[in-house]
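Trainee: I would like to go through some strands in this structure. Could we take them one at a time?

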Amino acid sequence: MTIALENEVDAAAARAAAVARPSVWKRLSQNMSVRIGGAMVLVMVLIGLAAPLLGTIDPARIDPTTRNRKPGVEVTVRNDDGTRTTRTVHMGTDSLGRDIYSRVLYGARVSLIVGISVASLSIVIGVFIGLVSGYIRWLDGIVMRIMDGLMAIPGILLAIGLVSLFRAGLGTVIFAIVVPEIPRVVRLVRSVVLSVREEPYVEAAISVGTPLPKILWRHILPNTIAPVIVQGTFICGAAILAEATLSFLGIGIPTDTPTWGNIMAEGRQFFRVHPHNILYPAIFLAITVLAVNMLGDGLRDTLDPKMSKRV
Amino acid sequence: MFAFIARRLVATIPVLLFVAIFVFMLLRLTPGDPAAVIAGDNATSDQVAAIRAKLGLDEPLHTQFFIWSGKALAGDFGESFFFKKTVAELIVQRIEPTAMLALCTLILAVSIAVPLGVLAAARQGGWVDRAIMGFSVLGFSVPVFVVGYLLIYLFAIQWGLLPVQGYRRIAEGFGDFIIRLILPSVTLAVIYIALISRITRASVIETLGEDYIRTARAKGLPGRTVLLRHALRNAAVPIITVIGIGIALLIGGVVVTESVYNIPGVGRLTVDAVLARDFPVIQVVILMFSFVYVLINLVIDIAYSFFDPRIRY
Amino acid sequence: MNASSVGEGRPVLDVRDLSIALPKGGDRPFAAEKVNFTVKRGEIVCLVGESGSGKSVIAQGVMGLLPKALPIAGGEAFLDGEDVAKASEARLRELRCVRMAMIFQEPMTALNPVMTCGDQIDEVLREHTQMGADERKRKIIQIFEQVRMPDPPRIYASYPHQLSGGQRQRVMIAMALVLEPDLLIADEPTTALDVTTQAQILQLIKDIQRDKGMGVLFITHDFGVVREIAHRVAVLRLGELVEMGPTDDILLRPKHPYSRMLISSVPSMHPAERPRATESKLVLRTENLTKIYGGGSLFSKGHSVKAADKVNIEIRQGESVGIVGESGSGKSTVARCIARLIDPTEGRVRLGEDDVALMPQRLLRRHRRRIQIVFQDPYRSLNPRRTVGDSIIEGPMNFGMERSEAWARARKLMETVRLDPDSLDRYPHQFSGGQRQRICIARALAMEPELLIADEAVSALDVSVQAQVLDLLDEIRQRLNLAMLFITHDLRVAAQVCHEVAVMEKGIVVEYGPVADVFLRPQHPYTKSLLAAAPGRDWEFGKFEAA
């Protein structure tokens, strides 16, 4: 069987179309933002995972004899069994004598857990609501009014309001940050659904009798993946910041848990004399969020260039 | 035009109603007895009962809502548990610093961010663009309070150029007023600049790809005219939309900034109220900020026609 | 200046060995390669070619408007003796709109939406002249009059969105001509316009060109337009200029095989003789099919539009019915109502014994199979994330067919549409536009429909590809004894493939009958004006043997 490409202009177009495009993975791996951001995120994850192996001590351990030490100073502590150990406090100690280096490293865990769980929860919930609402007309009106209402409350205030309701803790904080993010995911997904459902290939699927759930699954959902991954990355960064902010204000995760926000909240009092209490967690926090945002930028540029206008 | 404004006002009613219901439910949603929550852990059962009676908590929920919203509409938001004042009084006292801080930040941010964004768009791909966008990503990534402490450390503690903290009313002298507002405004503006410059760049770049830009070039216009008169004007609507949406960031930032700089505004009040579990205050603060946010965005919606003649009502 | 002086003197534009590079990794190194042609004073030269021929790129190259990715790689372009291919950006700015001006394809997007039309032309005068404000305004009103604009002061103060497509193109022309340049470059200026508007704009360009004695470089893909407007024609193929000569010579006696093939592909305006099948079974009948858009909302009373108003058409097995009309005539609405992609407001759509017009979705699914539709845009008609094989077998599998059986059917259908069955597991982006349209036809046929709707299915294709797809559709109709509904704005297409045509205007069928009657003995004034406006209507494009 020979292909009847008798037309040379069409043949040229076919040749041009056949020029292999680099795969998504290849394009991702060539993007500088993805490389740098991804590598830094990976390092942070490893630090969080390996915190006990990196020369840390119990981050909650209070020692009145070693309060407010400057970074790099050697301290000698008496252990429970009476022996003495001497070690260098790389990042100093806080006003309760806790080792900031250990607290910062363990703090990475909380930040990453918050970032990742907020991103995945808000995406799963948001994609489901957005898909359904974009395709079922009567539901759409109600859902969008509720989303408008949620969006009308500035995110941090909504989170503050929700946090004030419940017992302070990791779960509460995650819930309080997820709720304000959901409407944004819903709107994004819904806008994709509304534009894709007008595409001729969706109409073609309708006219060959494809049932609605299959249309959503096969033809519409795949179009939301790229923008949602990008959005999810930015949500992750924003959630890490939000958790730190809540903790810093003293209304987030309980103060005995080492989180970057808590370390800085603790350091506020003595900021003029001991700026390191704020400096080190701030550097880790900024680098982490920066890495996540860079990764998001790179993902957006490769996966979804049209999205650069959305924020 | 009038019909459009009326329509938009009507459309905001469900949104505001949602916010009102949410705020009302805040206290009622707490697990356990709200009165016990308010009274605190050491309260006697008599105290709890007194609070129950005072708040009308024994009435059915919708009756409670109507009583509450009726009072709120009349300006009666109840009494703060912690400050022992009416909430309305508290807000009036605290509103000036917050409004001034927000206004200064807004002016500062827009006047810096829009030119930066246009510049980045004009030099797309060049090092100026990279630097501006690098700054923008960084601005998104550093929390407001870290920027605040960094600026305090440098400008107030190390170099002693500006006061560390505090606020002076404008009535106490403009010089004192403005000099204490510089650091907080700059602090708060960072994230807002990051946001606006980013969207300005993106929408200017998008309009630069439009056919009418090619037409403008085909007319023999210089690059600067094409950029400012044709591209920027057409990019205005998304930029202004984001300035409006960004007010939410600004409000969140106000809460933090006022805490860092010890400014006695509504943002600071919010944190204090949450720490004291002072629910009447929390309710009103959320309600007020949300209404302001919605109304600003309503005004922006109506203002679109000024920037784009295609939008007619 | 009169016709006898056409082509005298030094050329306004003299393009010599002009090459424009394509970015690396493309399918060829040059968008245009060593192109030579001239445009003389008082002459219209058409650059004609299919997509990818480089015709627009050459125009942009002359204006200095090429994107950075497509730099000029060699050669010269002399404008009144000055080489603009090597001119600086500053010099080009001085020349634009003064010595050379350009109008574009999309009048909808080529004007700045936030400036009044007057201001947009005023800008040209402020940039290039020392005129005072009053003088500029007088001049602009005057040029609006010259491009035959009704009520010039109103147009001056209007924003582009307040004008029709034709009026916007007139504003563009006014802008280009206000400083009386020596050379006007028109890049497909009528392609986006309806046929009657197109005729007016072509006439305007011809008249003004004659009055001012300009040289015009006119870019088009449409041989009808070439016939209407060109003094000389240059045929481009994949960046190469294959043949150039006086219009009549090229159209009557094309020498290059490519030109011969291209001209042969132009469908004739003369209706083809087609045996009728009046005795065969009635497949589809619409009765007073009506679709009303809008209205009903609380605040937008009175904004309802009758997109289709009491439309009655019948299609028999083995026959093909065309609906022709300009944009907004409601022809696609009718097709979409019949395919139930939108819900009709009133009326019946009888498919055999069943009325599917108002049937609820639940019952409708069973009947979906019976009507299939091929859409206009081949690039959006196939899900880019699924292989073309998966797209073709989706329908049969919805109705319970085994995957292996559906796949076998898909292979057979690929042969029917003359594509390689082994390419079923490729993705849509690996095919050209024409190939994709064939795949869409295969997908439709996989359902074994009773009625196949082609909704502008060949409009987005180049003329030579279009001819092949039309042949394919006609062959399929005959072989499978299918009923076909052709929605098209192109009268030539309708003349060649339809037994009967319905002419629609503003939602109403104004004339409906056998194709020969409608084309040769039109009754309704709208049909007459439509036929009169078709470019090159009186010219029979020859059918040449491939050399």
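**Strands and their partners**

Mentor: In this predicted model, Arg232(C), Ala234(C) and Leu236(C) point one way from S9(C), while Val233(C), Val235(C) and Arg237(C) point the other way. Both sets are buried.

Trainee: How many residues of strand S9 of chain C are buried?

Mentor: Strand S9(C) covers residues 232-237 and is mostly covered. Buried here means under 20% relative accessible area. The number of its residues that are buried is six of six.

Trainee: Do S3(C) and S9(C) run parallel or antiparallel?

Mentor: S3(C) spans residues 44-48, and four bridges join it to S9(C). Within this pair, Val48(C) stands opposite Val235(C). The direction of the two strands is parallel.

Trainee: Which residue stands opposite Arg237(C) in S10(C)?

Mentor: S10(C) takes in residues 240-246 and pairs with S9(C) in the antiparallel sense, over six bridges. The residue of S10(C) opposite Arg237(C) is Glu240(C).

Trainee: Which residue in the turn between S9(C) and S10(C) has a positive phi?

Mentor: The two strands form a hairpin with two residues between them. One residue in that turn has a positive phi of about 50°, and that residue is Leu238(C).

Trainee: In chain A, what phi does Gly82(A) take in the hairpin of S1(A) and S2(A)?

Mentor: S1(A), residues 73-78, and S2(A), residues 84-89, pair in the antiparallel sense over six bridges. Val77(A) stands opposite Thr85(A) in S2(A). The hairpin has five residues between the strands, and Gly82(A) takes a positive phi near 95°.

How values were computed: Residues are numbered from 1 along each chain as its sequence is written. Chains are lettered from A and ligands numbered from 1 in the order in which they are written. This is a predicted model: local features need pLDDT of at least 70, side-chain atom pairs count only at pLDDT 80 or more; totals for chains, interfaces and linings use all residues. Side-chain values use heavy atoms; hydrogens and water are left out. Buried means under 20% relative accessible area, exposed over 50%, partly exposed in between (1.4 Å probe, protein chains only). Two strands pair if DSSP finds at least two bridges between them.
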